[in-house]
Amino acid sequence: MYPIKPSHRNHVCSYDVVHHATHDGRIRRLSTLLDKFSREPLAIEVRRRFSGAEVSKVLSDVMLVHGIPEHIRSDNGLPLESSHFA
């Protein structure tokens with residue numbers, strides 16, 4: 001399956017949780033959500049750790065403001081359809 005090419009805002013978004021070590025070795029994680037058409041960062045949350053529920057809350061909070069995207073990409077699986085959030 002090939003990635004869907006975004007054609008307008010809120011068509012395809014991608015999220016990821018990445019980690020970074022500070023100069024003193026402490027780990028920080030960032031939960032990010034990006035609109036793939038406009039390249040606008042819709043969310044960047046920084047914490048020591050994220051549970052699945054906390055990542056879902058970040059996504060749902062952004063969707064309340066920006067609307068539900070048609071497709072959501074993740075590095076960890078297949079794209080999600082907006083019907084998963086209806």
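Read along the sequence, the chain follows the pattern β-β-β-α-β-β, which comes to one helix and five strands, where helices (H or I, at least four residues) and strands (E, at least two) are DSSP runs numbered from the N terminus. The model is predicted, so that local features need pLDDT of at least 70 and side-chain atom pairs count only at pLDDT 80 or more, while totals for chains, interfaces and linings use all residues. Residues are numbered from 1 along each chain as its sequence is written, and side-chain values use heavy atoms, with hydrogens and water left out.

**Exercise 1.** Determine how β2 pairs with β1 and with β3.

*Solution.* Two strands pair if DSSP finds at least two bridges between them. Strand β1 (residues 12–21) is antiparallel to β2 (residues 27–35), with nine bridges, and C13 stands opposite D35 in β2. Five residues separate these strands in a hairpin, in whose turn G25 has a positive phi of about 90°. Next, β2 runs antiparallel to β3 (residues 41–47) over six bridges, with L34 opposite P41 in β3. This hairpin likewise has five residues between its strands, and R39 in its turn has a positive phi of about 65°.

**Exercise 2.** State what share of the chain is buried.

*Solution.* Of the 86 residues in the chain, 23% are buried.

Definitions and conventions
Buried means under 20% relative accessible area, exposed over 50%, partly exposed in between (1.4 Å probe, protein chains only).
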